[in-house]
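Hi,

Here is the structure I promised to pass on. Have a look at it first, and then read my notes below.

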Amino acid sequence: MITRNIGLVLGVFLTISASITGLIIVPNWQFRELQPVKKADGTQYPMPYFGEQLKGRNVYIDQGCIYCHTQQIRMKGYGADIRRNWGTRRSVPRDYIFEKPHQLGTQRTGPDLASIGSRQPSTVWHTLHLYNPQLTSPGSVMPRFVYLFTELKEGEALPAGTFPADLVKIPPQLQKDSVTQLMPTERGKALIEYLKGLNKTFPLPEAAQ
Amino acid sequence: MIAEVGVNPEVEVVSRIEVDRSAEWVVTIYWASSIIWLLIASIAGLISSIKLHSPDFLGSYEWLTFGRIRPVHWDTAIYGFGGTAASGTLLWLQARLCQTRIPFAPLLIAGGVIFNLGVLLGAIGVLSGHSTGVEALEFPLWSMPLLVIPYVFIVIANFKMYFTRRSTHTYVSQWYLMAVTIWFPILILAAEACTNLGAVDGVAQAVANWWYGHNVVGLFATPTAVAAAYYLIPKVIGKPIHSYHLSLLGFWSNAIFYNWAGTHHLTGGPLPAWTITVGVVGSMMMFIPVITIGINHHMTMVGSFHHLKTSPTLRFAVMGSMIYTLASFQGSLESLRSHQEITHFTHYTIGHVHFGMYGFFAPLMFAMMYYAMPRLTGNEWSSARLIRIHFWCTLLGTLLYASAMCYAGIRQGFMMNDPTIPFLNIVSFTKPFLMLRTLAGLILLSGTIAFTINFWRIVQPHKLRFVTPTLLNTKRDYRILVEKEKELGT
């Protein structure tokens, strides 16, 4: 009886140890050595996140963008990621060495964001889109992130501590009410900086094939 | 004196009534909390669902934004409902099968309270913007000890019962229950270490993440529910399980293959092909345990289907075991690369998850409660109609949910793979199906409310009792019981 009990406990323990070894320890060995590559202009790719972008990444995580947006491009011939212009090449492990926690995502209720910064470099577009997705993408089911902006009416004074340069005017044809200008909050500004910085178009050699 | 074969004579004989008495408070507390969490998870799911076709619904509250309420739905469903329902099941089933009293009852009750507190704080953490950002492990790190420590109590109690039992041989359900208590602590500790504690990052973290995300279903929810089915089906119809050897094969093949399957959640992702291939192979090999377990459950039922007319326990148990077969087939096929090219990233996956969790796991937990609660409390279920409502809402809600989402997901996948179709056209195509999903969610929630009423009444300390068990065709009038009790009281 005792040996059979021990056999059960040991067997069960071994099954999970096997998959921990195979799926966690081994891949980690394989990817731990990956380093950024030097670009021609002396900078490196990928870059670790810091400052505004890091702050913006935390907003991305806290708002749960991952539940509708991926950040991974599938290879040519598998799905239509590249043909949809979501990226120029497939994503590879090196793209993610500074991702902590990873934000690969599993749902595309909205489009992929791996290179949204190269697709949509405009602060104005991101501001309007986050403030009210219907302004830029009619029919979208994305929530409004009104609370990341201060709504300003014509002639209204700027909130204390903000810079006029950050002010975004809503184009007249898109104005739905008396709100004519938007001032991003600190978090809104950081999120937009992060999104504008998302760019996985640098041609890594291993992504060529 | 004649020695009994297959028993340990040093262990005292404990009657079923004594077992149930020792379990009454512990198990009732776990199951009552599981129902409260199911209500909360359903409401959170419903809010998420509505937001996905009407994004302005409750749109001005940051703490209810889709990206926060959606993970709260998942976390309260799997940890809140799943965790407590499975733990109650584990404790009661192991005590019954080991013919022993539940040990350390006060500790287990305290554990239940701490666990609930952990889920509550974790959910508040996510709603207030402190999610870790790791799918399936969103709860802030500081809430996790509250979930893990109580589980240690459960592990200790389970080991104590198993190793000090009277009967020397074991029943298949017991293997699964032992396995769960070994797997789950390792699973959650390894996953937290690799994600939120930062032992690995980048794509290796993604692998660890989905190793966990898949296994929390496969090595925690599934074995508990399979153990329940193995116990309840033969018990209610009074026949032994179809084949002992198949149980062995089913158990070990499940143990060996399931925990390799998780990487199919990353098909097409930035990972070396071998990691995905391992996941696909693991998923395809799952046909072995699924077919063996299926044969064992369904062949045991052959010739006894007429009991489905009357037994609430059996109805939920058979629904669960049948959908286990279907959802597992679906899941294995879904892992194939050609299938994933279309359905990955779509609502199909959401349909599959709910088919499995609400069509297989939840009904088996309900079956356990329908079977055990009268034995634990000494009361009978107060209304057969409420049980019928619960059953039909669970079945029809699940089928509507899964078919709407899977169909929409397939179409959505084909459209996404055709770059000439603008993305927003795909969004507007899925909207009617997302509305159907809200309807399905409402149906499921109605069933849960019916169950909650029945559960609330059965845990009341009644002076009067119904003397016969509540079957699906029993006419019960709870009001008369309550009125008579009042007369007695005065």
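Before the notes, one term: by a nonpolar core I mean a set of buried Ala, Val, Leu, Ile, Met, Phe, Trp, Tyr and Cys residues joined through C-beta atoms within 7 Å. Also keep in mind that this is a predicted model.

With that in place, the largest nonpolar core has 191 residues, and the members touching the most others are Leu91(B), Val207(B) and Leu364(B). Helix α6 of chain B, residues 202-237, gives this core its largest share, at 23 residues.

I followed up on Leu91(B). If you skip the neighbours within four places in sequence, Leu91(B) has contacts with Ala23(B), Val26(B), Val27(B), Ile102(B), Leu108(B), Ile154(B) and Ala157(B).

Two of those names come back in helix α4 of chain B, where Ile154(B) and Ala157(B) are among the buried residues. Why do they end up on the same side of α4(B)? Because they cover an arc of only 130° around the axis. What do the buried residues pack against? Their partners are α2 (66-98), α3 (105-127) and α5 (172-194), again in chain B. As for the helix itself, α4(B) runs over residues 144-163, and its 20 residues reach 29 Å from first C-alpha to last, close to the 28 Å expected at 1.5 Å a residue.

Now chain B as a whole. Its secondary structure is 15 helices and 0 strands. The radius of gyration of chain B is 23 Å, close to the 23 Å from the globule rule for 490 residues, so chain B is as compact as a globular protein of that length. The C-alpha trace of chain B spans about 80 × 50 × 50 Å along its principal axes. Of the 490 residues in chain B, 56% are buried. Counting contacts in chain B with a separation of 6 or more, 84% are between residues 24 or more positions apart.

For strands, turn to chain A. There you'll find an open sheet of 3 strands in the order β3-β5-β4, with antiparallel pairing. Strands β3 (149-153) and β4 (168-169) of chain A are the edges, each pairing on one side only. Between β3(A) and β5(A), the latter being residues 179-184, there are 5 bridges, and the two strands run antiparallel. If you want a pair to click on, Thr150(A) has Met183(A) in β5(A) as its bridge partner.

Cheers

Key: Residues numbered from 1 in each chain as written. Chains lettered and ligands numbered in written order. Predicted model: local features only at pLDDT ≥ 70, side-chain atom pairs only at ≥ 80, totals over all residues. Buried ≥ 20, exposed ≤ 12 C-beta atoms within 10 Å, placed from the backbone. Helix = DSSP H or I, 4+ residues; strand = E, 2+ residues; numbered from the N terminus. Contact = placed C-beta atoms within 7 Å. Expected span 1.5 Å × (residues − 1). Arc of directions from axis to C-beta. Pairing = 2+ DSSP bridges. Rg over C-alpha atoms; globule rule 2.2 N^0.38 Å.
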